[in-house]
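This note sets out comments on the strand pairing and the aromatic contacts of the model shown here. Please read the points alongside the coordinates.

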Amino acid sequence: MLRYNVSVKVGVLLLSTLFTAFAWSHPHSFIDMQATLVHKGDRLTGLKMHWVMDEITSADLLYDAGDAKPGSETWKKLAAEVMANVLGQHYFSEFWHQEKRVKFGNLPPFYQLSREGHRAVLEFVLPLAEPQPLKGQRYVFSTFDPTYFVDMYYDSEKSLHIPADLADRCAFTLTTPKPDASMQAYALSLDKADTPSEDLALGQQFAQTVTLVCQ
């Protein structure tokens with residue numbers, strides 16, 4: 001994924017929905033992700049997501065939180081605002097099984113917003129609408145901002161976690177795309193007034209994919 005230091009100011013919404021950002025080249029802000037498989041017995045029920053926002057992206061959220069204690073009404077209100085907009089974008093995620101899209105649940109069973117140093121952290125469980133079988137199955141999922149204003153990335157496969165009781169049967173594989181030079185140049189050429197063509201699916205071009213295989 002392309003990563004550049006850019007000047008950004010962000011509010012509570014991402015792009016027009018989660019953050020309000022402005023800068024002069026793509027991407028404008030960065031989210032460092034982790035994901036943990038969530039299951040009930042031999043059924044996959046969702047993914048626990050851990051999103052760490054960059055310091056500039058976090059600034060307004062942390063300012064609004066002030067000195068509020070973790071778990072306070074202030075943090076709960078901010079978390080609800082951010083989560084509502086993540087839901088409005090279908091969790092910024094796609095999940096596939098046997099070339100068919102797996103539906104997500106409408107509401108996360110858990111979510112919270114917190115502070116790690118100078119960074120805001122959003123944690124939530126991305127629920128599947130229906131539990132899915134694990135044994136002998138293969139799933140593929142990705143999380144990305146369609147416009148690529150926000151670079152959402154996993155540092156490595158170490159950012160993907162399998163519970164200990166499934167560690168001998170299931171494994172994650174992370175694939176990072178390598179768009180050609182012309183696509184990279186196009187992404188970097190866009191400024192705050194530009195909207196990339198929907199036909200390009202720009203965010204998806206740069207999106208990492210995660211494959212889950214269980215024996």
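1. Basis of the comments. This is a predicted model, in which local features need pLDDT of at least 70 and side-chain atom pairs count only at pLDDT 80 or more, while totals for chains, interfaces and linings use all residues. Residues are numbered from 1 along each chain as its sequence is written, and side-chain values use heavy atoms, with hydrogens and water left out.

2. Strands here are DSSP runs of E with at least two residues, numbered from the N terminus, and two strands pair if DSSP finds at least two bridges between them. Strand β1 (residues 29-40) is joined to β2 by 10 bridges, and the two run antiparallel. D32 has V52 in β2 as its bridge partner. The two strands form a hairpin with 2 residues between them, and G41 in the turn has a positive phi of about 65°.

3. Parallel partners of β1. Strand β1 also pairs with strand β8 (residues 150-153), in the parallel sense and over 4 bridges; within this pairing, I31 stands opposite M152. A further 2 bridges join β1 to strand β9 (residues 160-161), again running parallel. There, A35 has L160 as its bridge partner.

4. Strands β3 and β7 are antiparallel and share 5 bridges, with W96 bridged to V140 in β7. Strand β7 is in turn joined to β11 by 4 bridges, also antiparallel, and Y139 has L212 in β11 as its bridge partner.

5. Strand β10 and its two faces. Strand β11 (residues 209-214) is joined to β10 by 6 bridges, and these strands run antiparallel; T173 stands opposite T211 in β11. Which residues of β10 (residues 170-175) form its covered face, and which its uncovered one? The covered face consists of C170, F172 and L174, whereas A171, T173 and T175 make up the uncovered face. In a regular strand the side chains alternate between the two faces of the sheet.

6. The edge-to-face pair. A search of the whole structure finds 6 aromatic pairs. Rings of Phe, Tyr and Trp (its six-membered ring) pair if their centres lie within 6.5 Å; planes under 30 degrees apart count as stacked, over 60 as edge-to-face and the rest as tilted. W51 and F124 form an edge-to-face pair, at 5.0 Å centre to centre with 85° between the planes. W51 lies in strand β2 (residues 43-53) and F124 in strand β6 (residues 119-133), so this pair ties together parts that are 73 residues apart in sequence. W51 is buried, with a relative accessible area of 1%, and F124 is buried at 0% (buried means under 20% relative accessible area, exposed over 50%, partly exposed in between, with a 1.4 Å probe and protein chains only).

7. The stacked pair. F95 and F141 form a stacked aromatic pair, at 5.6 Å centre to centre with 5° between the planes. Why does this pair tie together parts that are apart in sequence? F95 lies in strand β3 (residues 93-97) and F141 in strand β7 (residues 138-143), so the parts that the pair ties together are 46 residues apart in sequence. F95 counts as buried at 2% relative accessibility, and F141 counts as buried at 3%.

8. The ring cluster. W51 and F124 also belong to a cluster linked by ring pairs, together with Y91 and F104.
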